[in-house]
Amino acid sequence: MVSEQRTADANFESLLRIFTVPEGPDSTLTQIEEELSRNLNKFLRDHIVAEEKSLKDIERDFSNAHIPEQPEFVSDHTQHLLDTLVSHSVHTASPSFIGHMTSALPYFLMPLSKIMIALNQNLVKIETSKAFTPLERQVLGMLHRLIYSRDDNFYSSWMHSAEHSLGAFCSGGTIANITALWVARNKALKAQGSFKGVEKEGLFKAMKHYGYEGLAVLVSERGHYSLKKAADVLGIGQEGLVSVKTADNNRICPQDLQEKIAQLKQQNIKPFAVIGVAGTTETGNVDPLREIAKICHDEGCHFHVDAAWGGATLMSNNHRHLLNGIELADSVTIDAHKQLYIPMGAGMVLFKDPDAMKSIEHHAQYILRKGSKDLGSHTLEGSRSGMAMLVYASMHIISRAGYELLIDQSIAKARYFADLIKAQPDFELVSEPELCLLTYRYLPAHIKQALDKADTKQKLTLNELLNELTKFVQKTQRETGKSFVSRTQLNPKCWDQLNTIVFRVVLANPLTTHEILHSVLEEQRKIVLQAPNLMRQIEQMAQNILNA
């Protein structure tokens, strides 16, 4: 039976009601809020990662491009969102959702986020944020100290200085990385003599003044895709992002880095920044940061560490040594919405030197005046929410010791899963976990023997068939909805650096159990049986190779 459509009037008195605080526990908005909380709680408990409704069908729910002329009741629209949006969202907090870096959140963040929304502070300027500004500066100071370990006098001098900034809060790692490279570029092309600096005269005049044929940023083959965006935005071009070889462990090769810098200089191209990765997106490995730092020091390059994923490891005294050398970086990116377990939209870039961000400082008459403590004078983004409050709250409620437990269990769980995979006769561990990320694929022992024995052409063909199988298993597992792993492409040296599609797993969710990990492998075995034609091709080819 179709429910009767209620109608609301568009009048100013009605509008005023939705802009005021609910009067009491019996008010309509209060009841709606309680009902919404109950429904969200049910979703977080019961929902699985499933495509119960196809994306095409969901698109039909959001296909009307007309702005409504008639207002809806809040209660009716809330139910609409529950039916069309919430019920078909991805349950990223599920213990079996282990394919990406988005994980479960501490439940206390839901009620605390009401403070941020209700106050609606704008962190661009002190006039619209007041206490949120010093709070954000403190959070940046706390993360700065986690990385650089300066003394109390340093932070009492610089943390709240109007003329300085220890870093910037951003919407994520992409903006954080762009900000770091923006500072590095402006520092490399600073004012000199009659030249007013790249920020004033632009890139063309800056290159002409310094006599460079080009600019370059160097990063490993495992660098994050956001760095291409940074190269594009900063005007050096994607070809100015120079890829450096990685060794067998997916870490940058210092010798190749040194050679690439020398080659660039011979071409009169200025290598103004090198990026070390602390927790690669695909494999979770950490570059040799101390060695990179020495090369950068010797070559006069800005040393930036993209620790968007792995930076939280510094919270663990048991594992912070894995990021040894990060304290030598000129700048560091950390995403709080990854292993600091904050909702999406909380990234940070920290600078060793409190003066570093002066190279991108901007002022205006009505806002961001010189001498003010407006945070917007040092950020790429203007208007920003008070997400720092949630980081501040989490660091107090969870504490460093609590984060240490979370980091330690995630690394231990990854090690457990890696050992479990290696103990299976039909799976291959492709990349060992350094943090809590690993890759693997389905590869029965006799097919592995065939790959070992195959000639170049046979190896290529058999590997391509295995790639198709990996894609089929990953897609089917996702659509079935019991669990989720992602996939990526690597070039393992043991398989002659062939393009190899692998399962990718991130084990940051503290709710993921060993039993779930066992069930993930068992489910993948069952899915393989759903591809009999493909398996016949693989088995037949493997048998021909072994019998030859």
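## Salt bridges and a domain interface

Let's start with E404 and R400, whose side chains meet in a salt bridge at 3.2 Å, N to O (the term covers a side-chain nitrogen of Lys or Arg within 4 Å of a carboxyl oxygen of Asp or Glu). This is a predicted model, in which local features need pLDDT of at least 70, side-chain atom pairs count only at pLDDT 80 or more, and totals for chains, interfaces and linings use all residues. Residues are numbered from 1 along each chain as its sequence is written, and side-chain values use heavy atoms, with hydrogens and water left out.

Back to that pair: E404 and R400 sit four residues apart in helix α15 (residues 399-422), about one helical turn (helices are DSSP runs of H or I, at least four residues, and strands are runs of E, at least two, numbered from the N terminus). E404 is buried at 14% relative accessible area, while R400 is partly exposed at 34% (buried means under 20%, exposed over 50%, partly exposed in between, with a 1.4 Å probe and protein chains only).

The structure holds 21 salt bridges. Another one links R60 to D57, with the closest N and O atoms 2.2 Å apart. Both lie in helix α3 (residues 55-61), three residues apart. Here R60 is exposed at 51% and D57 is partly exposed at 31%.

D426 lies in the loop between α15 and β8 (427-431) and R525 in helix α18 (residues 514-528), so the pair ties together parts 99 residues apart in sequence. D426 is buried at 12%, and R525 is partly exposed at 21%. Salt bridges that share partners also join R415, D419, K422 and E432 into one network.

Now zoom out to the domains. The chain is divided into domain 1 (121-384) and domain 2 (414-547), with bounds from an automatic or database domain assignment. Their contact takes 18 residues from domain 1 and 16 residues from domain 2 (contact means heavy atoms within 4.5 Å). The two bury about 1300 Å² between them, 52% of it on carbon and sulfur atoms; this is the accessible area (1.4 Å probe) that two parts lose on being put together, summed over both. On the domain 1 side, E282, T283 and W309 lose the most area to domain 2, together 36% of what that side buries.

Which salt bridge crosses over? The rule finds one across this interface, and the side chains of R251 and E434 meet in a salt bridge at 3.2 Å, N to O.
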